[in-house]
Amino acid sequence: MDETVAEFIKRTILKIPLNELTTILKAWDFLSENQLQTVNFRQRKESVVQHLIHLCEEKRASLNDAALLDIIYTQFHQHQKVWDVFQMSKGPGEDVDLFDMKQFKNSFKKILQRALKNVTVSFRETEENAVWIRIAWGTQYTKPNQYKPTYVVYYSQTPYAFKSSSTLRRNTPLLGQALTVASKHHQIVKMDLRSRYLDSLKAIVFKQYNQTFETHNSATPLQERSLGLDINMDSRIIHENIVEKERVQRITQETFGDYPQPQLEFAQYKLETKFKSDLNGSILAEREEPLRCLIKFSSPHLLEALKSLAPAALFSRIQKLLCYSASHSQGTQDLSSYVPLYTRC
Amino acid sequence: MAGILAPGLGVLAHLERLENQTSRSRKRSEAQAQERVLGTKIQKLRHLRDDPRAALWHRRGSVKACIANVEPNRTVEVNEQEALEEKLENVKAILQAYHFTGLSGKLTSRGVCVCINTAFEGNLLDSYFVDLVIQKPLRIHHHSVPVFIPLEEIAAKYLQTNIQHFLFSLCEYLNAYSGRKYQADRLQSDFAALLTGPLQRNPLCNLLSFTYKLDPGGQSFPFCARLLYKDLTATLPTDVTVTCQGGEALSTSWEEQRASHETLFCTKPLHQVFASFARREKLEMSLVS
C-alpha cells in the first residue's frame with residue numbers, strides 16, 4: 001500500500017468519532033466481517049487506528065478505496081459543508097433523457113482527466129437516484145491534493161446538482177462543463193440558494209416540502225390546538241381573542257403548512273423602491289432615483305422563526321414588509337418562488 | 001368652611017375656593033352625564049348580545065322538550081342510527097372505489113386535490129397527488145409527482161387551456177412510469193436467478209441494461225440486453241438490442257434465439273418474458289430428468 005494512501009486512510013479514520021466507527025466501516029464494506037471482529041474498539045483511538053491501517057495494508061487498499069471511505073465520511077457529516085445549488089438546462093427540442101450511469105461516469109471522468117492530467121475522481125451511488133462524486137484536484141505538474149476535495153451530488157434525470165463550497169474556485173467552470181456534457185445538458189447556472197442542509201435544499205428545489213394531501217380517507221380533524229388562553233379571564237374577552245388567534249393560525253397554516261420547514265439560515269432581498277409620503281414636499285418622496293437597499297433575514301432556522309412570529313402578532317407587519325419587498329425585489333427572485341411564504345405575496 | 005374671613009387676602013382666597021367648588025361640581029355633573037351615556041350604550045350592547053342568546057336558549061329548550069317527548073321510542077332511534085352508519089360506510093366505500101378509476105379528487109378550501117392512482121396489469125401501484133388552486137391563472141400549489149416526470153412541461157402546455165387534457169396527459173406519464181418501474185422491480189425480485197449481473201436502471205426506468213442466462217449454472221453464453229424506452233408514455237421499449245457475450249461466431253440456433261429474444265422484449269412486458277424463460281427451463285429440465 002502506498003504511503004500517501006496509508007496516511008490518507010489514517011487521517012480519515014482519525015476524523016471519525018468512535019461511536020460512528022463501526023457503522024462507517026460497515027458501510028465502506030472494504031474490511032471483511034472477520035477482520036473487523038479482530039479489532040478491539042474499546043482501546044485508545046490511536047491503537048484502534050493502527051490496527052485498522054494494518055488490516056487495510058493486508059488487503060492492499062487502493063487510492064480509490066480510500067476515496068470511497070472519504071465519501072462515506074462526508075455523507076455521514078454532510079452538515080459540515082456548505083452546499084451550493086446548480087441548475088442545468090437542455091436546449092429546445094432535445095431528445096428524451098436516456099440516462100446511463102456507466103456512460104455518465106466514464107464521460108465525466110474523461111473530461112476532467114483530459115483537461116487536468118492529475119485528478120482523482122470517485123463515485124458512490126445512493127438509493128435516492130443520486131450519485132456522489134468526489135474530485136481531488138491536481139495540476140499538470142502536481143499530484144492531486146486529497147485533503148481538499150470537492151463533492152458533487154447529482155440527481156440523475158433532473159437538472160439539479162449540489163456542490164460543496166470550496167476555496168479552490170478556479171476549477172468550478174471545468175467541473176460545470178464536465179457535469180453538463182456528461183449529463184447531456186447545454187448550460188449550467190449557479191442558483192441563489194445555499195445551505196448546510198442538503199435535505200432542505202432538496203426539499204426546496206424539488207418542491208417536496210409539503211407532502212401532506214387531503215384525501216377522503218384522511219378526515220382532517222378540526223385542529224383543537226390549545227391557544228394558551230387564561231381560563232380565568234372573562235369569557236367574552238376570551239371569545240374576542242379566540243377569533244383573532246384562529247384567524248392568525250389559519251393564515252399561518254395556509255402559508256407554512258403543517259410540515260417541518262426546510263432549514264434555511266438566511267434570506268436576502270435587494271430592494272429598489274420609491275418612497276411614498278402623505279405629506280407634501282417630503283424630501284424622500286421627491287427623489288428621482290429609487291432607494292436601493294439590501295434586506296437580510298438570518299436565523300439558525302429562518303422559516304420556523306418566521307412561522308413562530310405569527311402568534312406573537314408581529315406577523316402582519318412582517319408580511320407587509322415582505323409583500324412590499326417581494327414585489328419590488330430584483331436579482332433574488334428565484335428564492336421567492338421556492339419559499340412558500342413569498343409566493344403568497 | 002372657615003367662616004371668619006380675614007379682610008383683604010381672605011376675599012380672594014374665598015373667591016378661589018368658590019370657583020374651584022363650581023368647577024368641581026361642573027366636572028362631576030359632566031362625568032355623571034358621560035356615565036349615563038355610556039350606561040345606556042352598555043345596556044344597548046347587552047341587549048344586542050342577549051337577544052339572540054335568549055332566542056338560542058329558547059330554541060334549545062324547545063328542542064330538548066321535543067327530544068324528551070320522543071324519548072320513549074328508543075328502538076326507533078337506534079335503528080335510525082344504524083341506518084345512518086350504514087349510509088356513511090356506503091359513501092366511504094364509494095369514495096374509496098374511486099381510487100380504482102385511477103383519477104379522483106377532493107375539494108379543498110382553495111381548489112381541488114387530485115389523486116392519480118397508477119396501475120399496471122390489474123395491480124394497483126403508487127398514488128400521486130396534485131393540489132390545484134382554483135384561481136386565474138390556475139396553478140399547482142404542491143404535488144407529490146417525482147421530479148423526473150416532466151410535470152412543468154405538461155402544465156405549460158395544457159393547464160391553463162384544457163385541464164382535462166392536462167390530467168389525462170399526466171396520468172399517462174405516471175401510469176407508464178409506474179408500469180416500467182413495476183416490470184424492473186419484478187425482474188429484480190422474481191428472476192434474480194436468471195440474471196448474471198445487477199440490473200442497471202435509471203430513475204425514469206427508461207433505460208434497462210442486464211445480462212441473463214437461460215440455464216443458470218449451465219454452459220451457455222449469457223445474453224446482454226439493452227432496452228430503451230424513448231416514449232415516456234409507453235410501458236414497452238422502443239429499441240431493444242440483444243447481444244451474445246463471448247460468441248463471435250454464433251451458431252444459427254444461438255442467432256435465432258437472440259433474434260427471438262429481441263422480438264419478445266419488444267412485444268411483451270419484461271417480467272412476462274422472463275416468466276416464459278423460467279417456464280421453458282423448467283419444462284426442459286423435466287424432459288431431461
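Because the model is predicted, local features are reported at pLDDT of at least 70 and side-chain atom pairs at pLDDT 80 or more, whereas totals for chains, interfaces and linings use all residues. Residues are numbered from 1 along each chain as its sequence is written, chains are lettered from A in the order in which they are written, and side-chain values use heavy atoms, with hydrogens and water left out.

The interface between the chains comprises 28 residues from chain B and 22 residues from chain A, contact being defined as heavy atoms within 4.5 Å. About 2500 Å² is buried between the two chains, with carbon and sulfur atoms giving 55%; buried area is the accessible area (1.4 Å probe) that two parts lose on being put together, summed over both. On the chain B side, the residues that lose the most area to chain A are Lys106(B), His142(B) and Val147(B), which together account for 23% of what that side buries.

The rule finds 2 salt bridges between chain B and chain A, a salt bridge being a side-chain nitrogen of Lys or Arg within 4 Å of a carboxyl oxygen of Asp or Glu. Arg226(B) forms a salt bridge with Asp100(A), with the closest N and O atoms 2.9 Å apart. Lys207(A) forms a salt bridge with Glu152(B), at 3.4 Å between the closest N and O atoms. This pair crosses between chains, from the loop between helix H8 (198–205) and helix H9 (235–256) of chain A to helix H3 (residues 151–158) of chain B. Helices (H or I, at least four residues) and strands (E, at least two) are DSSP runs, numbered from the N terminus. Over all chains the count comes to 16 salt bridges.

The interface of chain B and chain A also has 7 residue pairs in polar contact, both residues being at pLDDT 80 or more. A polar contact is a pair of N or O atoms within 3.5 Å; within protein, one must be able to donate a hydrogen and the other to accept it, and residues adjacent in sequence count only if both atoms are side-chain atoms. Elements of chain B that give two or more residues to the side touching chain A are helix H2 (74–97) and strands S1 (103–107), S3 (123–133), S4 (139–143) and S6 (223–228). Of these, S1(B) gives the most, with 3 residues.

Chain B is assigned domain 1 (100–178) and domain 2 (192–287), with bounds from an automatic or database domain assignment. The domain centres, taken over C-alpha atoms, are separated by 34 Å. In chain B, 9 residues of domain 1 are in contact with 9 residues of domain 2, and the two domains bury about 830 Å² between them, 69% of it on carbon and sulfur atoms. Helix H4 (residues 163–190) of chain B gives the most to the domain 1 side, with 5 residues.

Two backbone features were noted. The peptide bond from Lys136(B) to Pro137(B) is cis, with omega near 0 degrees; Pro137(B) is in the loop between S3 and S4 of chain B. Arg60(A), in the loop between helix H4 (45–58) and helix H5 (63–76) of chain A, has a positive phi near 60 degrees.
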